[in-house]
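Please walk me through this structure stop by stop. Tell me what to select and what I will find there.

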Protein chains: 2
Amino acid sequence: MQANDRAFGSYVRKQREARLAGDSAYTLRKVAGRLGIQPTYLSKVERGDVAPPSEETIKRLARDLDEDPDVLLALAGKVSADLRAVILKRPRLFAQLLRTIQDAPDHALLRVVREVRNGKW
Amino acid sequence: MQANDRAFGSYVRKQREARLAGDSAYTLRKVAGRLGIQPTYLSKVERGDVAPPSEETIKRLARDLDEDPDVLLALAGKVSADLRAVILKRPRLFAQLLRTIQDAPDHALLRVVREVRNGKW
DNA sequence: CCAAGTGTGTATCATTTAGTACACACCCGG
DNA sequence: CCGGGTGTGTACTAAATGATACACACTTGG
């Protein structure tokens, strides 16, 4: 991915600059400092010059920008390790489930979530 | 993973040798030949000497051994690209769904599958 | 009995991943 | 008017991933 995958970077830049407008703690250098990465690297990430960072770095970035980690990971084409683990424990079942419900509308899936939450299982 | 992750290899060896017992087309060399990989490599994979192969190679192996690809991938700690894609299209929703239903018993999840199949959505 | 087929040990490899390090140019507030 | 802070271009790197290539020893059926 040395080219394209600009989506992740431009989204991050947009969010960071939005926060920077009201809080000078969100300069590229300061964010990079808190994440424990080089400013150069974050710069290239934001401009889509390099592929998105590792899962762990993306999660730290999500925390710092107060963004949803799953959304940021998705923009990077990744799925969180804990979700992967859910599938890996019962691969046949979850593979079948996901392939069956993949086109179900949001409200139907949310209904499942609600019903499970309410202990109807 | 230069050590351990023996689970994938030993399972593959077991299945291959079971087929070999009744069909001489399942020698290590012949299977490797059909997969388009070196026999040396398959040997090391089966003995857990190296990490499991790529997703594509695992899928060819599953076809050749008539095994469930999702199960073989799971033994290798991987999730099929098409399942990943399902999550990536609606990351917030599927992340929430998976975390909510992760501990639901098999029969409850199968009921969801059946209900979606029967068009109750 | 030996040639063909079996699996394996050792060495090596190209590519990808996930970054670091250093120098530089710009800007702008005191 | 300049020093500290901003982002960036260029060069480089260590480790992981996903394999190949060659040589070898064992065994086994015709």
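**Stop 1: DNA strand C.** Keep in mind that this model is predicted. Select DNA strand C and the 19 residues around it. Those that come nearest are A:Y41, A:S54, B:T27, B:L28 and B:S43. Now colour by element. α3 (39-46) of chain A gives two or more residues to this surface, as do α2 (28-35) and α3 (39-46) of chain B. The largest share, four residues, comes from α3(B). Colour by class next: the surface near DNA strand C has eight nonpolar, seven polar and four charged residues.

**Stop 2: where chains A and B meet.** Select the contact, with 31 residues from chain A and 31 residues from chain B. Stay on the chain B side. Here α5 (69-75), α6 (81-89), α7 (91-101) and α8 (106-117) each supply at least two residues. Pick out α7(B), the source of the largest share, nine residues. By class, the side of chain B that touches chain A divides into 20 nonpolar, five polar and six charged residues.

**Stop 3: helix α6 of chain A.** Select residues 81-89 of chain A. Which residues of this helix are buried? They are A:L83, A:R84 and A:I87. These three sit on the same side of α6(A), because they cover an arc of only 100 degrees around the axis. An α-helix has 3.6 residues a turn, so residues three or four places apart point the same way. Show what covers the buried residues: α7 (91-101) of chain A is included, along with α6 and α7 of chain B. Then turn to the face away from the buried side. That face of α6(A) carries the exposed residues A:A81, A:D82 and A:K89.

Note on methods: Residues are numbered from 1 along each chain as its sequence is written. Chains are lettered from A and ligands numbered from 1 in the order in which they are written. This is a predicted model: local features need pLDDT of at least 70, side-chain atom pairs count only at pLDDT 80 or more; totals for chains, interfaces and linings use all residues. A residue is near a molecule or strand if its C-beta atom, placed from the backbone, lies within 6 Å of it. Ala, Val, Leu, Ile, Met, Phe, Trp, Tyr, Cys and Pro count as nonpolar, Asp, Glu, Lys and Arg as charged, and the others, Gly among them, as polar. Two residues are in contact if their C-beta atoms, placed from the backbone, lie within 7 Å. A residue is buried if 20 or more other C-beta atoms lie within 10 Å of its own, exposed if 12 or fewer, and partly exposed in between; C-beta atoms are placed from the backbone. The arc is that of the directions from the helix axis to the C-beta atoms.
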